[in-house]
Amino acid sequence: MSSYEMFADKNIAAGELANLMASAGWGTEGDYDATAIEKSLSAYPMIAYCRDSDGLLVGYISAFTDGAFSTFVGELVVRPTYQQRGIGSALLAMIVEKCRGVPVYATPFQGTEKFFLDRGFRVPERPMSVVSMRNAT
């Protein structure tokens with residue numbers, strides 16, 4: 001069994017993050033522009049990730065917070081061959097701990113809500129919806 005190490009810095013190469021996301025079915029590595037990934041890494045105030053004993057990036061989480069009223073999980077992804085080993089739970093716990101006292105919101109893909117519900121998240125009494133818009137470049 002591999003050992004893992006968690007980090008809370010931004011020492012991630014764009015190509016390895018693209019590879020991780022593609023491994024989880026979030027498009028292909030070619031779908032991710034290195035400049036866009038670097039811009040994303042720079043913008044998020046909170047990033048945590050996990051590497052295996054060989055240094056392979058196996059998990060990643062990002063979040064925005066105002067430190068008072070809201071924290072939003074951006075991405076939480078774990079390489080499929082490493083899922084069900086507690087990596088996603090540990091990454092999420094790192095964000096929750098850093099934001100103690102601040103509500104944390106996540107917008108999981110349909111069918112993955114149980115992961116968050118099993119870790120103390122709840123569906124609000126007043127249902128929320130997710131809406132999005134991608135501006136033209």
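**Salt bridges and cores**

Mentor: Lys-114 has a relative accessible area of 56%, which makes this residue exposed; the term means over 50%, while buried means under 20% and partly exposed is in between (1.4 Å probe, protein chains only). The model is predicted, so local features need pLDDT of at least 70 and side-chain atom pairs count only at pLDDT 80 or more, whereas totals for chains, interfaces and linings use all residues. Residues are numbered from 1 along each chain as its sequence is written, and side-chain values use heavy atoms, with hydrogens and water left out.

Lys-114 has a partner: Asp-118 forms a salt bridge with Lys-114, with 2.6 Å between the closest N and O atoms. A salt bridge here is a side-chain nitrogen of Lys or Arg within 4 Å of a carboxyl oxygen of Asp or Glu. The count comes to three salt bridges by that rule. Another one joins Arg-100 to Glu-97, whose closest N and O atoms are 2.5 Å apart. Arg-100 is exposed at 61% relative accessibility, and Glu-97 is partly exposed at 46%.

There is also a salt bridge between the side chains of Arg-51 and Glu-16, at 2.8 Å from N to O. Arg-51 is in strand 2 (residues 46-52) and Glu-16 in helix 1 (residues 14-23), so this pair ties together parts that are 35 residues apart in sequence. Helices (H or I, at least four residues) and strands (E, at least two) are DSSP runs, numbered from the N terminus. Arg-51 is buried, at 14% relative accessibility; Glu-16, at 22%, is partly exposed.

Now the interior. In soluble globular proteins, nonpolar side chains tend to be buried together. A nonpolar core is a set of buried Ala, Val, Leu, Ile, Met, Phe, Trp, Tyr and Cys residues joined through side-chain atoms within 4.5 Å. The largest one has 19 residues, and Ile-61, Val-73, Leu-76, Ile-87, Leu-91 and Leu-92 have the most contacts inside it. Strand 2, strand 3 (57-65), strand 4 (71-78) and helix 3 (87-98) each give two or more residues to this core. Helix 3 gives the most, with four residues.

Take Leu-76 as an example. Neighbours within four places in sequence aside, Leu-76 is in contact with residues including Trp-26, Ile-61, Leu-91 and Phe-115, where contact means heavy atoms within 4.5 Å. A second, separate core has 14 residues, among them Ala-14, Leu-17, Met-21 and Val-77.
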